[in-house]
Amino acid sequence: MPETIETRKSDHLVIAAKESVQRPALSTFDSVRFEPYAIPDLNMDEISCDSDFLGYRLSLPIIISSMSGGIAQADRMNIHLAEAAETIGVAFSLGSMRIALEDHGQAKSFQLRRYAPNIPILSNLGAAQLRGPSGVDSALRCIEIAEADALYIHLNPMQEAVQQGGDRDWRGIVDALTQLCARSPVPVMVKEVGHGIGPSTAKVLSEIGIEWLDVAGSGGTSWAQIEHDRTHGDESIFADWGIDTVTAVTKISELGLPLSLIASGGIRNGLHVAKCLRIGASLAGIAKPLLAPALTSTNNVIDTLRQFEFELRTTMFCTNSGTLRELTRAPLLKDPTRI
Ligand SMILES: Cc1cc2nc3c(=O)[nH]c(=O)nc-3n(C[C@H](O)[C@H](O)[C@H](O)COP(=O)(O)O)c2cc1C
């Protein structure tokens, strides 16, 4: 019997929480090391982590990465995430809204503006859903449903290839994305889901008018492994597929394209956030560390984000960086391009 989208999403929430579907991010983040500055001329409490994004002022350079929506557990989870994002002042991206397009009753799961009136909310749809005569209209509908400030289109060819019944015909995706960019009233941003976007893909996306790219690199949640886990018990040969977050941000930044970068995939603490900003990202995205907290309460999400903030501030204090701009110039001990 073909599985339903609800069953698949529900499985994803359970399996994504397992440590066995997480990849070790440490080695690549370890390739970036700050030179410590032992005489900071700063009061740590006065350090500013403010950052501008989509016309909003964020208190932290963080976006809650897309997770879920359209099933009962995800409804509660999204409210907790939206309330926490509003309280702290970080951006919030919704999970794939395909389910709301197929079943209009599920749209409410993605209507969170009343919980988060003062932060950027991003809607989300898979690139495969852009194909076909009504694909671009469907994507525009996702922006309206969520009253979104931007639309994330996720590129997940590896996940679709290994998923039972996945979308495997991707012809025409670049044309559809080009049309979407031309028609969208808000920025169209592109992300992967944890296997990364490399420089060759980044060049094509920049040429068609994409201005924001979320590398969603390997080193964190592995969707090849999650899909494999649903049908087999062992490790997928594609578990580590892709380009890791540090390499992706470094290599794309070196191209000098008119692209702003979001670093995500394997970001597990505020030191990782600081390192990503230092090597060229404007924001850092976090999914897995917020999954368990979001399934329980708004306060648990707030506590996790506060811990990230403390770790980011500590890094800034110990590199004598009073602002995020100063952090981007903090001296490094290791050159991340020589990984
Ligand atoms: C439970 C779960 C569901 C996800 N669903 C989506 C989704 O619907 N759309 C999407 O673009 N990414 C989705 N992702 C991918 C994340 O946005 C992120 O790119 C990826 O998990 C890597 O970040 P991490 O290592 O911090 O988990 C999901 C991740 C998790 C953990």
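## Helix 9

The buried residues of helix 9 are W223, A224, Q225, I226, E227, H228 and D229. Buried means 20 or more other C-beta atoms within 10 Å of a residue's own, exposed means 12 or fewer, and partly exposed lies in between, with C-beta atoms placed from the backbone. Helices (H or I, at least four residues) and strands (E, at least two) are DSSP runs, numbered from the N terminus. The model is predicted: local features need pLDDT of at least 70, side-chain atom pairs need pLDDT 80 or more, and totals for chains, interfaces and linings use all residues. Residue numbers start from 1 along each chain as its sequence is written.

Helix 9 covers residues 223-231. The helix is mostly covered, with 7 of its 9 residues buried. Which helices do the buried residues of helix 9 pack against? The partners are helix 1 (5-16) and helix 6 (157-162).

## Helix 1 against helix 9

The axes of helix 1 and helix 9 come within 10 Å. They cross at roughly 110°. Helix 1 is therefore roughly perpendicular to helix 9. That class spans 65 to 115 degrees; under 35 is roughly parallel, over 145 roughly antiparallel, and the rest oblique. Axes are lines fitted to C-alpha atoms, for helices over the stretch in contact, with angles from 0 to 180 degrees between N-to-C directions.

Helix 1 brings D11, H12, I15 and A16 to the contact. Helix 9 brings I226, D229 and R230. Contact requires C-beta atoms, placed from the backbone, within 7 Å. The residues of this contact divide into 3 nonpolar, 1 polar and 3 charged. Nonpolar covers Ala, Val, Leu, Ile, Met, Phe, Trp, Tyr, Cys and Pro; charged covers Asp, Glu, Lys and Arg; the others, Gly among them, are polar.

Two strands pair if DSSP finds at least two bridges between them.

Strand 4 (residues 91-93) and strand 5 are parallel and joined by 2 bridges. F92 has I121 of strand 5 as its bridge partner. Strand 5 (residues 121-126) is mostly covered: 5 of its 6 residues are buried. Strand 5 also pairs with strand 6, in the parallel sense, over 5 bridges. There, L125 stands opposite I153 of strand 6.

## Strand 7 and its neighbours

Strand 7 (residues 188-191) is covered on both faces. V188 and V190 lie on one side, M189 and K191 on the other, and all are buried. Strand 6 runs parallel to strand 7, joined by 4 bridges. L151 stands opposite V188 of strand 7. I153 stands opposite V190 of strand 7.

Strand 8 (residues 212-214) also runs parallel to strand 7, with 3 bridges between them. V190 stands opposite L213 of strand 8.

How many residues surround the ligand? There are 26, and the closest are S96, H154, G220, T221 and A287. A residue counts as near a molecule when its C-beta atom, placed from the backbone, lies within 6 Å of it. The shell divides into 10 nonpolar, 14 polar and 2 charged residues. Helix 1, strand 6 (150-154) and helix 12 (288-296) each supply at least two residues. Helix 1 gives the largest share, 3 residues.

Helix 12 has K288, P289, L290, P293 and A294 as its buried residues. They pack against helix 1, strand 3 (62-64), helix 3 (72-88), strand 10 (283-286) and helix 13 (298-317).

A216 sits in the loop between strand 8 and helix 9. Its phi is positive, about 35°, although A216 is not a glycine. Is A216 buried or exposed? A216 counts as buried because 32 C-beta neighbours lie inside 10 Å.

N320 is in the loop between helix 13 and helix 14 (324-327). Phi of N320 is near 60°, a positive value in a residue other than glycine. N320 has 17 other C-beta atoms within 10 Å, so N320 is partly exposed.

T178 belongs to helix 7 (residues 173-183). With 16 other C-beta atoms within 10 Å, T178 is partly exposed. T178 and G132 are 46 residues apart in sequence. In space, the two are 14 Å apart, C-alpha to C-alpha.

How values were computed. Two residues are in contact if their C-beta atoms, placed from the backbone, lie within 7 Å.
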